[in-house]
Amino acid sequence: MSSFDGQDLGQAVGRALATITAPVPEPAIVAQGRRIRQRRRLVRAGAVAVVATVAVALPGLLFTAVRPSPPARPLTISKLGPTARDGVIGAGTLEGKPWTVRLAGPGPVATAAGLPATGRLGTAPAGSAPVTFRVAGSGGWRVLAGPVSPAVAYLTMRLSGGTSYRLWPVAWHGHAYVGVVVPWNLPLARVTAYTRHGELAYAIPYPNLGGFPRVVSWLRPGAPVPAVSSATVAHGWTGRPAGQWSVQVQVGPWGTCLLDRLGYQGIWCRPAVSYPPNAVILVMSGPGLTEAAGITGRAVAYIQLRLRNGKTARLHVLHIGGQGFYALSLLAGQVASWTAYTTTGHAIANGTGTPGSPRSAK
Amino acid sequence: MDRAAESEFSEFMHSRWLQLLRLGFVLTGDTGLAEDLAQTALARAYASWPRIRRAWDPDAYVRRVMVNANHSWFRKRRVAEQLTGMVPEPAPVEPVGGCDDRVVLMGALMSLPVGQRSVLVLRFWLDMTEAQVAETLGCSVGNVKSQAARALARLRAGTDLGEEVSREQL
């Protein structure tokens, strides 16, 4: 009993709720939304009529009543010194309000006033990436911060409208970081890293609708830009009422992203890298999640599952651009073991539990 | 609303539906009411989509609509429902199994006052910070902390529940 805490509860609730599903009543939502909008328009029109009537009688009131609010001021980013003072790695203004991004603690985490801290940033970007961003926030603002490679002199963030911002790395405890506060819906079109001599790499973020764009994969200047392709990896019914599920993959210059189309957990992205031919890597997984999905190497044609109830099932692997993708519903039955096969029926990988989970592969 | 915004809303709706449905179930304890609640929240988001996609966090917006709508419905239901001093029929005691753990847990959650339940679900299931929970519920961070502490204490104190949830540790 003493070990019971909130985190356990969150996981247990997630598992308990995993069976509650229903199809999205899209037409009903849209129709109800349109009715609400129409009602608001009528109310607004009535209010305008009242204001106009009063304004005729009191001309001075018109100016006060209908004066448009001043346009929101854009994002500004200040250039700080090369070394952080009091942990401050970024400063500027957003919508006319000042912000600062500060590092604290081992790890470290980045904080900005009024916003939750990011996760631990680490001291170096992942792999050969020029920078690894972490995002945190609530309301309309987000903190974007991360460690930067020593080779990087500065970064630019270009928005879809053409506006560009420059970020200068700031040293903190011997490692370089950038940090910025941005609107949640920043239309980030491209992030470019420069050395002192020129462009090092650029990233085209995954346009995460309803969330912050994901900077995942970096491309070298002049390298061909991967084409965008999208497909449904797998879909089906769990046998329960309204138990429809579906997993999609979107491959493009941002890397590879798997989407739980009917779920809420969102999007799992991985950089575009070359996997070993027999690789089976679980990407989409988590507590409470009713689907699992992953990436395979080019040689994997299908995965044979043995379920705990003694039945077997075959997972089709979808191939796009040298990678394979698989997905399964975890509600259909618990997986005891799996084996990956080539098109000629040769077993090339196997394991226990959900295919590709880190502890499962042999 | 232009076609791009319609498409963006559609993506948002499909990606968040199950989360909202499940949040609705925890808030109301009824799948029908949960669907109504999630549908209401998304319909209001649709009506204001051009505004909230520009200046607001849509997730925070729909969660807040759900919590507020539930509070308002709850007040109406209290008047409509007939309260009695006796439980009509005791629930049969089932042996504990994988599925029963879920029933025990959900039953214990449902026994909490709606405010405490909302705090627990937002804080620990949706993994929101105390500040985010306070923003969603329209209360202070101190209130969130005290509600969460009280709710956890009640769950721990519940008969056998602490053990059930401990066994559920993943």
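The structure is a predicted model, in which local features need pLDDT of at least 70 and side-chain atom pairs count only at pLDDT 80 or more, while totals for chains, interfaces and linings use all residues. Residues are numbered from 1 along each chain as its sequence is written, and chains are lettered from A and ligands numbered from 1 in the order in which they are written.

**Confidence in chain A**

- Chain A has a mean pLDDT of 82, with 83% of its residues at 70 or more; pLDDT is the predictor's confidence in each residue, from 0 to 100.
- Helices (H or I, at least four residues) and strands (E, at least two) are DSSP runs, numbered from the N terminus.
- In residues 52-73 of chain A the pLDDT is below 50, and this stretch has ten contacts in the model beyond near neighbours in sequence. Residues are in contact if their C-beta atoms, placed from the backbone, lie within 7 Å.

**Helix packing in chain B**

- Helix 7 (residues 130-137) of chain B packs against helix 8 (residues 141-157) of chain B at an angle of about 100 degrees, with the axes 8 Å apart. Axes are lines fitted to C-alpha atoms, for helices over the stretch in contact, and angles run from 0 to 180 degrees between N-to-C directions.
- Helix 7 of chain B is therefore roughly perpendicular to helix 8 of chain B (under 35 degrees is roughly parallel, over 145 roughly antiparallel, 65 to 115 roughly perpendicular, and the rest oblique).
- At this contact, E130(B), A131(B), V133(B) and A134(B) of helix 7 meet V141(B), N143(B), V144(B) and K145(B) of helix 8.
- Helix 6 (residues 114-125) of chain B and helix 7 of chain B cross at roughly 135 degrees, and their axes come within 9 Å; the two helices are therefore oblique to each other.
- In this second contact, S118(B), V119(B), L122(B) and R123(B) of helix 6 meet E130(B), V133(B), T136(B) and L137(B) of helix 7.

**A sheet in chain A**

- Four strands of chain A form an open sheet in the order 17-18-22-21, with antiparallel pairing; two strands pair if DSSP finds at least two bridges between them.
- Strand 17 (280-284) and strand 21 (318-320) of chain A stand at the edges with a single partner strand each, so one side of each has no neighbour in the sheet.
- Strand 18 (residues 291-296) and strand 22 (residues 323-329) of chain A run antiparallel and are joined by six bridges.
- Y326(A) in strand 22 of chain A stands opposite G294(A).

Definitions and conventions
Two residues are in contact if their C-beta atoms, placed from the backbone, lie within 7 Å.
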